[in-house]
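Subject: Structure for your review

Dear colleague,

Please find the structure below, together with its sequence. My notes on what was found in it follow.

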Amino acid sequence: MSIPYRLSALGTISGFRTVSDEAATVLTGMLPEDILANEMEKIYMARIGTGDAVLTGVIRSERGTSMATLQERWNTANKGDGQWIRRRNGEMNFHLRQFFTGHGGYRKYLYRFRHEVSPECPNCPILDEDPEHVLYQCSRYREVVSSVPPPEGPVAFMLEG
Ligand SMILES: [Zn+2]
């Protein structure tokens, strides 16, 4: 992924630079630029060959091909099953992206880059402060997060509908 495209993807998800290319494209819904360029070339060639009359079908077909290519690439990298890319529910936001990637204002993450003196939770010594700890273990946020889905729930919730 080129640097400008990567920065654009990371800007779109408000993601940290340590988020992988694959994760950035999946979280943004942006196609990787090589897949997008291939799609645009095929649509351009179809326009030259057949004109605008059949273009809608070509665009739909080529987007399907591009999404299948992205899915295959994602499966190879992460063993995903495609539900996330195809989901129609659960808009991502700044906080959810930090939660799912673990790249954000968590001490465990910040400690990796020497921005914190310890990875441990200030409230629960010996336990690292990461998304799972903050959401499901830490007593600091118990009242605030009492209504969140169980640990296996956030993704399942976003895939509903
Ligand atoms: Zn804690």
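Does Ile-126 count as buried or exposed, and how many C-beta neighbours lie inside 10 Å? Please keep in mind that this is a predicted model. Ile-126 has 6 C-beta neighbours inside 10 Å, and therefore counts as exposed, since a residue with 12 or fewer is placed in that class. Ile-126 sits in the loop between H7 and H8. The backbone of Ile-126 also deserves attention: its phi is near 80 degrees, which is a positive value in a residue other than glycine.

A second residue may be read alongside this one. Arg-114 belongs to the loop between helix H7 (107-112) and helix H8 (131-137). Its phi is near 60 degrees, again a positive value in a residue that is not glycine. Arg-114 counts as exposed because 7 C-beta neighbours are found inside 10 Å.

The overall picture of the chain is as follows. It contains nine helices and zero strands, and its pattern along the sequence reads α-α-α-α-α-α-α-α-α. The chain has 161 residues, of which 15% count as buried. Among the contacts in the chain with a separation of 6 or more, 41% are accounted for by residues 24 or more positions apart.

Val-19 lies between helix H1 (3-13) and helix H2 (21-28), in the loop that links them.

Finally, I would draw your attention to helix H6, which covers residues 94-101. Which residues of this helix are buried? They are Arg-97, Gln-98 and Phe-100. When one looks down the axis of H6, these buried residues fall within an arc of 170 degrees, so they line one face of the helix. Just after H6 comes Gly-102, whose phi is positive, at about 75 degrees.

With kind regards

Conventions. Residues numbered from 1 in each chain as written. Predicted model: local features only at pLDDT ≥ 70, side-chain atom pairs only at ≥ 80, totals over all residues. Buried ≥ 20, exposed ≤ 12 C-beta atoms within 10 Å, placed from the backbone. Helix = DSSP H or I, 4+ residues; strand = E, 2+ residues; numbered from the N terminus. Arc of directions from axis to C-beta. Contact = placed C-beta atoms within 7 Å.
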